[in-house]
Amino acid sequence: MKILRNFVIFSLILWVVWFSPLVFCQTIEQILDNGPTNRRINVVFLSEGYTNAESAQYITDANNLLNYTFSIQPFSEYKTYFNAFAIYVASVQSGSDHPFSDIYRNTYFNSTYDSYGIQRLITIPPNDMDPNYGHGQGKVDALLQSLMPEYDIVVLIVNDPEYGGSGGVLAITSMHPAAPEIVVHELGHSFGDLADEYDYPGGTSREAPNTTRETRREFIKWGIWILESTPIPTPETFEYETLVGLFEGAAYQASGWYRPKLNCEMQSLFVPFCEVCAEQLIKSKYVLINAIDSCFPPSGNIALVDTDSVSLEIVPLLPMSHQLSIQWLVNDSAKAGADSPTFKVYSYELGNGTHQVKAEVKDTTWMVRNDPSNLLRDSKGWTVNVSGLCTAKAGDANADNNVNLADIIFNVNYVFKGGPAASPICRGDDTADSSVNLADIIYKVNYVFKGGPAPIKSGVCCL
Amino acid sequence: MVKSKFARVLSLAILSLFLLSLYALAAAEKNQSKILFLHLKFKDNTITLVKTTIRPGVVKPMLPPKDSDFLYYEVSSSSGVLLWKGGIKDPSFVRYEYEDPDQPGKLKVKEIKLEEAEFTLRIPYNPEFQLIEFYKSVPSNDNKKQSAERKSLGTIKLQPKE
């Protein structure tokens with residue numbers, strides 16, 4: 001009995017350890033769930049300087065940071081496009097190193113303030129205090145690989161009340177209430193490919209969605225946002241403070257480079273993203289994920305026979321306060337009123353043959369005016385093959401549902417007097433030889449007046 | 001006797017369930033998209049491979065790299081067919097942003113050039129991957145040429161195993 005008990009315990013341990021190898025040393029908790037990780041933008045928070053006793057506090061802090069980030073436009077409107085995860089790893093001690101004050105803490109990622117001689121600059125190795133990648137960034141990379149390989153945005157939360165943080169490969173923030181702003185600014189870089197708009201001697205300038213050297217109004221990339229009445233370049237005066245224009249000073253240069261607005265999150269912290277930066281951040285979301293989240297049946301070929309029909313369905317993403325527009329198209333023609341997520345396709349509406357049915361979804365948000373690459377548009381298509389559909393009666397050339405003398409006259413008019421053709425043509429093609437001629441007239445006369453064989457069914461003339 | 005038989009059956013059941021779970025897990029993973037993680041080292045203008053890891057998942061598309069401080073890579077098959085390409089920010093060039101203590105809200109930058117940089121590259125896994133070549137795009141020395149030239153940073157043979 002003892003052997004049995006030991007075996008069962010051993011088996012259970014084996015089971016747990018095999019399937020949750022990390023359960024005892026690190027945990028991951030989903031704090032925002034809006035869909036599968038491969039179809040959502042995944043924000044991952046990592047804990048630094050939280051002891052075993054502070055794991056619950058870490059989850060609260062991660063949630064607070066998440067809520068702060070998603071209180072800012074355009075992230076607030078598109079919160080449903082994101083998932084968020086909090087990875088917890090315990091540190092031996094709480095807080096972070098403060099070498100200027102001779103304070104050193106034993107923490108998981110070995111974070112430190114005072115990096116490179118700057119008191120509020122928090123970094124993890126490799127840095128000037130510890131060049132070993134394996135002590136900091138290497139641990140971040142390893143955790144992400146094992147716990148959330150589909151990460152998109154990574155933020156390290158340092159459990160220290162002193163103001164500090166940094167933006168770079170990894171966004172780092174302390175628990176000071178004002179510190180998360182650097183994370184928001186960093187999202188502009190990592191997520192929207194936005195450039196810094198402030199002046200910094202020696203920085204490398206570049207053309208970005210929010211920086212330019214172009215001063216000709218018609219060539220300014222954000223020109224669609226600029227009112228005709230706004231002068232170019234735009235004076236830095238109160239009058240133009242709330243307008244998009246072309247303000248000198250951007251991309252680390254005080255002159256020769258321009259930005260879209262007097263102030264913006266990419267210029268200074270605690271300022272909202274300007275219209276141009278917000279537009280770019282929205283477009284960036286659609287680089288990572290599709291506006292159509294799923295469809296049924298899967299995009300591809302569908303066969304319809306006779307009077308079959310099929311319901312097609314798409315599931316578009318759903319921003320917080322507006323819906324994406326939907327339009328169904330059949331053979332590239334928009335179907336009037338077909339703007340709901342489901343669309344029923346009837347074979348008799350299409351007719352025999354191959355047809356293309358497509359759902360187009362577009363985010364028509366007012367926050368995007370400039371989308372030359374159509375990033376805000378998505379589509380799913382199906383090829384529908386209809387066969388065996390009977391729409392007409394063989395021999396019924398005049399389409400009155402009877403085969404009689406009137407049809408003979410219709411055929412005679414067509415063959416000898418240039419009258420209208422039967423539609424579809426098979427209605428007049430009694431012999432089913434793909435042409436309408438004297439033989440069809442004779443065939444029909446035989447049928448109507450002499451009890452001959454009925455017109456031969458062909459194509460859609462098979463009723 | 002009855003207890004002993006019961007013990008054997010229970011043990012067998014647990015073992016079978018465990019093996020079945022492993023099999024199901026293996027079968028599910030076989031059909032999943034995977035991500036290839038390359039742990040790399042960049043030193044003296046040469047990139048070397050430290051370790052490869054394969055994990056389930058999907059790599060989302062990225063905005064095409066535009067910065068001049070990007071490193072580019074191309075992954076090809078044994079027959080030289082290009083299977084994947086992309087770019088990453090030069091990992092030896094680290095840029096930290098922080099708030100200026102003298103001007104609240106204003107940002108400052110600290111740029112660091114590392115002599116040796118370790119980094120992780122994430123690409124969609126393809127069993128056909130054989131070689132990965134890293135290069136930098138540098139301005140052409142030939143005055144007649146307008147375009148940039150490739151400066152190779154090394155070619156690595158990949159043999160990722162699942």
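**Loop residues, a helix crossing and the A–B contact**

Asp193(A) is placed in the loop between H4 and S7 of chain A. In this predicted model, Asp193(A) has a phi near 55 degrees, a positive value in a residue other than glycine. Asp193(A) counts as buried because 22 C-beta neighbours lie inside 10 Å, the threshold for burial being 20 or more. The loop between H4 and strand S7 (247-250) of chain A also holds Pro233(A). Ile232(A) and Pro233(A) are joined by a cis peptide bond, with omega about -15 degrees.

A positive phi is also found at Ala251(A), which is not a glycine; the value is about 50 degrees. Ala251(A) belongs to the loop between S7 and strand S8 (253-259) of chain A. With 25 other C-beta atoms within 10 Å, Ala251(A) is buried. A cis peptide bond also runs from Ser423(A) to Pro424(A), where omega is near -10 degrees. Pro424(A) is located in the loop between helix H7 (405-417) and helix H8 (438-450) of chain A.

Helices H4(A) and H5(A) have axes that come within 9 Å and cross at roughly 50 degrees. H4(A) is therefore oblique to H5(A), and the crossing of the two helices is left-handed. On the H4(A) side, Gly188(A), Phe191(A) and Gly192(A) take part, meeting Cys277(A), Gln280(A), Leu281(A) and Ser284(A) of H5(A). The residues of this contact comprise three nonpolar, four polar and no charged.

The contact between the chains draws 40 residues from chain A and 34 residues from chain B. On the side of chain A that touches chain B, two or more residues are given by each of helix H1 (2-19), helix H3 (137-147), strand S5 (165-166), helix H4 (181-192) and helix H5 (275-288). H1(A) supplies the largest share of that side, six residues. By residue class, the side of chain A that touches chain B has 19 nonpolar, 14 polar and seven charged residues.

Gly138(A) is situated in helix H3 of chain A. When neighbours within four places in sequence are left aside, Gly138(A) is in contact with Tyr133(A) and Glu118(B). Gly138(A) counts as buried because it has 20 C-beta neighbours inside 10 Å. From Gly138(A) to Asn404(A) the separation is 266 residues in sequence and 87 Å in space, C-alpha to C-alpha.

Terms used:
Residues numbered from 1 in each chain as written. Chains lettered and ligands numbered in written order. Predicted model: local features only at pLDDT ≥ 70, side-chain atom pairs only at ≥ 80, totals over all residues. Contact = placed C-beta atoms within 7 Å. Helix = DSSP H or I, 4+ residues; strand = E, 2+ residues; numbered from the N terminus. Nonpolar A, V, L, I, M, F, W, Y, C, P; charged D, E, K, R; others polar. Axes fitted to C-alpha atoms, helices over the stretch in contact; angles between N-to-C directions. Parallel < 35°, antiparallel > 145°, perpendicular 65-115°, else oblique. Left-handed = near helix turned anticlockwise from the far one by under 90°. Buried ≥ 20, exposed ≤ 12 C-beta atoms within 10 Å, placed from the backbone.
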